[in-house]
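Here is a short report on one protein structure. Look through the sequence and the model, then read on.

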Amino acid sequence: MPNFDFENEKYKLGYTAVCGCDEAGRGPLCGPVVAAAVILPRDIEIEGLNDSKKLSEKKREALFDIICEKAIAYAICEASPEEIDEINILNASMLAMRRAVEALPVPADFALIDGNCSRGFSIPTETVVKGDAKSASIAAASILAKVTRDRGCAELDRAYPMYGIAKHKGYPTKEHMDAVREFGPSPIHRRSFLKFLDK
């Protein structure tokens, strides 16, 4: 289960506001990539906090509200499908995460970044592979990002019901790819992810 070992290590070094940062939506064919940054009170216990992928949708929704209520600060930002096509998904994920860290209403002085890549942040960072299963603040950020992205998919589904986005959340399922072949790409599709149309 995620804990505060990574955060406390930084606090011992003299940092005063350590945030966790994660993104959701790198793999889907459509919609933005969403990132969140969260500063939690030191050693707070949030029951059930875990990697968002290991939680049910109902549990994520419940934890979303608890995290927003108990966090010292949080921010949720995104990079658009157009930005993803222009600078690629990795750079767009970094952009969304930098936006989230910089949007924190209480500035962080250190960021724990989920994964193995950290680029262009204005504060010191440390990458944590599978960080959403190890760091409490990264786990919290993963939940805020995932819930926000899923809620956005529900809105996209209402705007573009022919693609079934509410069901597959934009991921490249056979159903989704067949719908793109039948109806063509929508304005919210990532053109650089649609190479299968050329086959």
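## Terms and model

A residue is buried when its relative accessible area is under 20%, exposed when it is over 50%, and partly exposed in between, with a 1.4 Å probe and protein chains only. Helices (H or I, at least four residues) and strands (E, at least two) are DSSP runs, numbered from the N terminus.

This is a predicted model, where local features need pLDDT of at least 70, side-chain atom pairs count only at pLDDT 80 or more, and totals for chains, interfaces and linings use all residues. Residues are numbered from 1 along each chain as its sequence is written, and side-chain values use heavy atoms, with hydrogens and water left out.

## Helix α1

Helix α1 covers residues 5–12. Its residues E7, K10 and Y11 are buried. Seen down the axis of α1, these buried residues fall within an arc of 100° (taken from the directions from the helix axis to the C-beta atoms), so they line one face of the helix. On the other side of α1, D5 and K12 are exposed.

What do the buried residues of α1 pack against? They pack against β1 (18–24), β2 (33–39), β4 (110–114), β5 (125–128) and α5 (136–159). Contact here means heavy atoms within 4.5 Å. After α1 comes G14, with a positive phi near 110°.

## Nonpolar cores

A nonpolar core is a set of buried Ala, Val, Leu, Ile, Met, Phe, Trp, Tyr and Cys residues joined through side-chain atoms within 4.5 Å. The largest one has 33 residues. C19, V33, A37, I39, M97, V101 and L104 have the most contacts inside it. At least two residues each come from β1, β2, β3 (73–79), α4 (89–103) and β4. The largest share, 8 residues, is from α4.

Another core lies apart from the largest one. It has 22 residues, among them F4, L55, A71 and A140.

## The largest pocket

A pocket is found on a 1 Å grid over the protein atoms alone: an open set of points where a 1.4 Å probe fits, with protein on both sides within 12 Å along at least five of seven lines; lining residues have an atom within 4 Å of a point. The largest pocket has a volume of about 350 Å³, a volume being the space filled by probe spheres set on the points.

Of its 19 lining residues, E23, A24, K53, D132 and Y171 are the closest to the centre. β1 and α5 are the elements that give two or more residues to this lining. α5 gives the most, with 4 residues.
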